[in-house]
Amino acid sequence: MSSPPMEFPSSDDVDMQDGTTLAEQSMANAPPPQSLFLPGTPSVAGTPARRSAAASSPIRGEIARRAVGMATPKRTPLFAPGGSSSPLPFPSSSPAKKTPARRGNQRAATPRSGIDSEPLDFPTSPTVIATPRNRRGDIHSSLAFTPTSARQRAKRTIKSDFGEGDLNSDGTHLSMPPSSAPGGPLLSAPAAPSDEPDEIRAIWGTTVNLGETMKLFRDFMRGFKVKYRIAHDRDNGERTRALKSPEEGEVVLYEQYLRRMRQTGETNLNLDMVNLLAYPPTKKLHSQLVKYPQEVVPAMDQVLKDLMLEIAEMDQEEGMEGMFGEEGEAEIADIMGKIYKVRPYGLKTVNMRDLNPTDTDKLVCIKGLVIRATPVIPDMKVAFFRCLTCSHTVQVEIDRGKISEPARCPRDVCASVGTMSLIHNRCEFADRQVIRLQETPDAVPDGQTPHTVSLSVYDELVDVSKPGDRLVVMGIFRSVPVRVNPRTRTIKSLFKTFLDVVHVKIGGGGSGKLGLDRSTRPGGERIPGIGGVGGQEDDEDEATSGGGGQMKQVQMEGKMRELSQRPDVYDLLSRSLAPSIWSMEDVKKGILLMLFGGTNKSIARGGGGGGPRYRGDINVLLVGDPGTSKSQILMYVHKIAPRGVFTSGKGSSAVGLTAYVTRDPDSKQLVLESGALVLSDGGVCCIDEFDKMSDATRSVLHEVMEQQTVSVAKAGIITTLNARTSILAAANPINSKYDDSLPIPRNIDLPPTLISRFDLLYLVLDKVDEVIDRKLAEHLVGLYLEDAPETGGGEDILPLDELSAYITYARSRIHPVITEDASEELVKSYVEMRKAGEDPRSNEKRITATTRQLESMIRLSEAHARMRFSPFVELEDVKEAYRLMREAIRTSAMDPRTGKIDMGLIDTGIGQQQRRMRGDMRKEMLSVLDKGNSRGIKWSDAIKKLEGQSSVRLDHQEFTAVILDLEREGLVKVVGERDKRVIRRVEGA
Amino acid sequence: MVSSLLADALRDPTSSLSHLYPSTGDKSNFPALVSRHYSQIFKTQEAFEEIPTLDVNYPPKSHQPRSLVRFRAMVQDTSPSPEMYLSEVGEGACGGWGMDATLNESEIGILDYSKLKECTVVWAVNVPGETDWCKQKLDGAHPDAAREVPTPVRTHKFPVGDVPHVGIQVKIYDKGDTLKSTDVVTFVGILTTESTHSDLDESISVPTLHVLFWKSHPRTLLPRSYPVDGVDGVRGQLISWIATEALGGDTDAAEWILLVCIARTISRHPALLQPSLTISHFPLPTTEITTPTLSHVLSELLPSFLTLPLSLDLLNKLHFAPESKDEDLHSGFLQQPAGTTILVNESGVQEGKLAENGINNILITQDVMSSQTIPYIFPFSRFSFPTDINFVVLAQGKKSAFFKTDIGVELKRRSSDVDLYKPKDRVGGLSSEILDAFRELIGSASSGTVKVGPTMSAYIQNAFVEERQKSPSITQDHLIHMMTVAKLMALSMHATELTPEIWERTKTLESRRASLS
């Protein structure tokens, strides 16, 4: 359709269809050999005209080069000054193919060469095409545009430019009478010469003017500045990024992107559609793009290419680096030969259930989980038909997923009916893949099974995503009729639907649950997406707003901010956590702060990976009598928490909790499967029956809780996996009932080293107390005897999802910094805690706080600040953290024999009191032995003797420990077994 | 007028439907109108019963193509993607409902996408646990016509393997998206055969029902009202019948079974779930018959009941939880509608190796028992679905080998030579009136509610505090358990309010049980 003055009339056309030698060229003017189109002939098989997708492009390129008698590809500038050459780039063997190679290695595939003689059309394809035709699989539109760069206009006289109108006539048969069939049965816009880009071309059935659309988009690309987006975001009440300098806002964003595209050879431009909205003149374009992507996207592609050329020329004139003279020419020629694609993204996602017939052919955005993907399917883009009678050939493009076979030969002279047959190896194919996308668990309505939709992805997008990936896709929603039978032309009134994908983003989608804590990810992790330039900067904002649409997001945010300003927000939130569980306020508060978490800190400088990392995750251990709803609390947390994993210590082996290596049943490859801890990376791992866990498993937790990694060494694979997770564990006391008279380590069957890794340890004891019992009974009766129980006794509480959203928001957005005041208070509190160990009456020192407690306190205060959406950790945060710590320490680290707090109990398992007692016992024992004879003293006698001297009951376990110590030191010797043991003083020691 | 409409609809539903279409003003709401129109025609029970049934006795093959049928079914799979259909074909003719509208390719270009409408596609199977008496009551008396053995397609979509069943594809045009997996509904529609549609897999031809209207069933399948007067005598009779026929005269065990069978999930947040029950020391069968008589007795009483004869082989082979493979949701044994009671019989378990699948099955069953949720396994994700199933476990030892249940009752037979495995025909005959009274008692009790007045709640609180003073080992779990059982006790007695008498009665029953275990 775009037919500027043709340089070579069809009759003059030099045929090279067989593409063998130049010598043959002269012969080619003669009527073409019949064998030309016969498939299977070796010469044909070798021709560049083969379009089978299977043939690899570089080889085709090689053949093409040989065909023009060049041993090596020369990169002579196409637009050599003063040269009379045709500006025709060699269209290679697949001029209309979007991506010659799977990953779009365009340069290798399309060798360009200068021809300085006759305007030589290298007829590898029947159609003479100046630039590769953009035939996007995802768009199915056949609007073709011509690049209209300033230079081209100037050189129009020598420029040859063919549009798609030539499609249905074979270049080799131009001398034949032209076919009567109109050129554009596939056009959705009437073909019109495109000399002037603002020629009026309306989208069929609408008033949308394509020329205007193109102009608008061009305007946008040249005029959009970062500041517009910021203003737009601010108007919508979104968080905006602070600019480093006012100049930053003035940057013409897309010109930068285009330059980057030129430098990197990238052909895809990711276009954030919000930017279209933000740029005042192009607001209209946004809705046009959504409604008529089929027409608007190709128009944008065209503008993109024009601009690429324009900017390249501009830069060349300005003498930008790398754009001097020949280098620049080569660059421009390169651009000419490329196909540029605009990949719009950034619409708000809709649930795939909400897609309905009215969305047909519109641009939609959905998210989901890839569950299956087909292998690459060669997808026919252009069918090649040949008349069996007169050998006239016709190319037919795909339209809405199907190709209409010409019923009769289009040549008026021939016009035989039913003689057109498909020549497979001259058809054009593109890569296509069908992907089944399933709803993500958070999008599925309660009690429903997840739905799936089919996605068709093309070219670069093929194989970008794998089963298991979460995607946010932009695509055109299609409905195509179902055929009764593949061989008949009749179709049913049933339609199947799918999405033609234009943009894919992997790993997107905020969910109702807590998002990942981004600070657990190594610096600046990019969400993987398809290649392409532009738009990735805004990903961070997007990931959090991907959920339920912008408006909802804004509302939600407002609501949360409001909530965070409530003076009683702390109480409200802790009350909302497990409302059916009565009392246990402090436990709930501790767990609440665990959910918010402290901030992860890493020392930026230092050895690999940014130096050591200090965990911000808070670990909580609940120890208590059975039947005190510990498990219920865990279940609640599991429901709210991000990547929450619930596991019971009893059933989980080391493997289940960590990761293991297995052979994949399908691929027979070794794969690493992660267990609960790795799965909960960036989340919360809830472990019930912590004490019943095997030692092997528990030992893994040592690493997890301080280093936050899991090391796996199995089947020859040694890996350290990240397990940056908070641990919420519940354990029962040793004899299932907590013994008040014993210190904690004696009550829990857990090594002290592990216990000390918990920031908060709560004892949940079941004490018989009439008042408390009555209250508890009241609570339970109210809960269990009504048929529509009101949770939490009618007090105002937050629903689960809101609580979850609140936490998510705080975790992803708030990163409080400790203020001067707070740090002083921290120091003060710590010193105070340590001082509690000093007893003015004696010179003994019990340890009441260690640096671990200080770290815990910092984490808790950060979490508290986060909870109230404060950017700073302030005095009150530290105070509350201190209070919680004290409460927890008071219950857990109190030595029941002295009533004093002793962190030594937790850290080493031996309290100060115990240590002193052991010292006394040891002294006593030695004196008893020294007094006795050399035959030693019987074990039971020794106990009796000591007991007689002591005012308190002698602890047999303690006694054993003391004797063992003495034996180790070589002071005594124990002989005999069990009751017959005799303790002897070692002579001379 | 209505009667002629009725006759038309019964004789030729397709033409009845296509006549309805042109007379409709607002075409956009046609599906809703169809649903209203036909449910009006078949409003009365008599009219409704005139619709031929589609069930195991009358499988799809026994019906003419495009005939009107009703199908009481459990929705098995709601994951197939909805389909789009052309709601109007040609010159104002009705589309959808499987009407043969084949278009020529040339027409496609000028298709009006605004005429496209969506219909929901689900897979439905007959209710797996439905007992014979319940089926009879719901279907009405039908002459025993051509009894054909159904040849089901896609047997993996039926929860209970190796049983004749009917499974069909159902297309719902009006409000189909409200259906959930394991919902029990009666679909009325036009029966055809169509192929399944899938983008990646081969499609096969399956019986398909195009739904005109559908109605859902209560948890008890038959509608029941609560309370029923004068059940006191019936209750005692029922307990002694269960005890003498199936439990060797142990009335306490029979009472516990009754309580568990009428229980249901009341609330999930906080969790007020039905308790599960283990009858321990249940003797092993002495003859080849391995089905306990209790199974026959309960299937005479409950609307939806299944026996699960556990064995290592079954545990290792069967899948208890539904699993989606290649986008096809395979059913699992525990994919059952709410209100189903499952009798787990452990007598078939021998020594041997339990494979991974078996362990999974046990974990899943335990999960259903204790939290009333069942996982559906989808690729890369597991979804937890609420369920509402009652469990009675028969264990040979002191407690169940596999499961932890809320209540454990030791079986006390009057004499050890009572046969607990006698076949169904030897179950003592009762008149159908008495059986119906039993069924009504159970049915309505399982749908009733009990109130707790303020005095009663104070009474319970006091009792709890006192008991704790006496014995500190009593925890809040005891209280919760007692309250659950007391409520069930009140329900079984068809009381509307919990009274101190019922509380004390529960306490004595509970203490008898506790003293044994």
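Let's start with A:Asp379. Where is this residue? It sits in strand β4 of chain A, residues 377-387. Bear in mind that this is a predicted model. Is A:Asp379 buried, exposed or partly exposed? Count the other C-beta atoms within 10 Å: there are 19. Buried needs 20 or more, so A:Asp379 counts as partly exposed. Now look at A:Gln433. In sequence, A:Asp379 and A:Gln433 are 54 residues apart. In space, their C-alpha atoms are 8.9 Å apart.

Stay with chain A and look at confidence. The average pLDDT of chain A is 66. A score of at least 70 is reached by 56% of the residues. Which element of chain A has the highest mean pLDDT? That is strand β8, residues 452-458, with 87. The lowest mean belongs to helix α14 of chain A, residues 539-545, with 35. Next, find residues 651-661 of chain A. The pLDDT stays under 50 there, and the model has 44 contacts for this stretch beyond four places in sequence. Residues 788-794 of chain A are also below 50, with 13 contacts in the model beyond near neighbours in sequence.

One more stop in chain A: an open sheet. Three strands form it, in the order β26-β28-β27, and the pairing is antiparallel. The edges are β26 (937-938) and β27 (972-975) of chain A, each pairing on one side only. How many bridges join β27(A) to β28(A)? Four, with β28(A) covering residues 982-985. Within that pair, A:Val972 stands opposite A:Arg985. Helix α32 of chain A, residues 956-968, packs on this sheet. Helix α32 touches β27 and β28 of chain A, and its direction makes about 115° with that of β27(A).

Over to chain B. Chain B has 15 helices and 18 strands. Of its 517 residues, 47% count as buried. Take the contacts in chain B with a separation of 6 or more. Residues 24 or more positions apart account for 77% of them.

Here is another sheet, this time in chain B. Five strands make an open sheet with parallel pairing, in the order β11-β14-β17-β10-β18. Its edge strands are β11 (305-309) and β18 (407-410) of chain B. On average, neighbouring strands are turned by 20° against each other, direction ignored. Zoom in on β11(B) and β14(B), residues 340-345: five bridges link them in the parallel sense. B:Leu306 stands opposite B:Ile342 in β14(B). Helix α9 of chain B, residues 293-301, lies across β11 and β14 of chain B. The helix runs at about 175° to β14(B).

Now the interior. In soluble globular proteins, nonpolar side chains tend to be buried together. What does that look like here? The largest nonpolar core has 81 residues. Those with the most contacts inside it are B:Ile242, B:Ile257, B:Leu259, B:Ile262, B:Leu277 and B:Ala486. Which helix gives the most to this core? Helix α14 of chain B, residues 476-492, with ten residues. Domain 2 (232-432) and domain 3 (454-516) of chain B each supply at least three residues. Follow B:Leu259 as an example. Leaving aside neighbours within four places in sequence, B:Leu259 is in contact with B:Val485, B:Leu488, B:Met489 and B:Ser492. A second, separate core has 77 residues, among them A:Tyr257, A:Ala278, A:Tyr279 and A:Val472.

Why is helix α8 of chain B, residues 251-261, called largely enclosed by the rest of the structure? Because nine of its eleven residues are buried. They include B:Trp256, B:Ile257 and B:Leu259. B:Glu255 is buried as well.

Last, some backbone details. A cis peptide bond joins B:Tyr226 and B:Pro227, with omega about -10°. B:Pro227 lies in the loop between β9 (205-216) and α7 (232-246) of chain B. B:Leu221 is found in the loop between β9 and α7 of chain B too. B:Leu221 is not a glycine, yet has a positive phi of about 65°. With 23 other C-beta atoms within 10 Å, B:Leu221 is buried. Then there is B:Gln372, also not a glycine, with a positive phi of about 55°. B:Gln372 sits in the loop between α11 (356-371) and β15 (373-378) of chain B. B:Gln372 is buried, with 21 other C-beta atoms within 10 Å.

Definitions and conventions
Residues numbered from 1 in each chain as written. Chains lettered and ligands numbered in written order. Predicted model: local features only at pLDDT ≥ 70, side-chain atom pairs only at ≥ 80, totals over all residues. Helix = DSSP H or I, 4+ residues; strand = E, 2+ residues; numbered from the N terminus. Buried ≥ 20, exposed ≤ 12 C-beta atoms within 10 Å, placed from the backbone. Contact = placed C-beta atoms within 7 Å. Core = buried A, V, L, I, M, F, W, Y, C linked by C-beta atoms within 7 Å. Domains from an automatic or database assignment. Pairing = 2+ DSSP bridges. Axes fitted to C-alpha atoms, helices over the stretch in contact; angles between N-to-C directions. pLDDT = per-residue confidence, 0-100.
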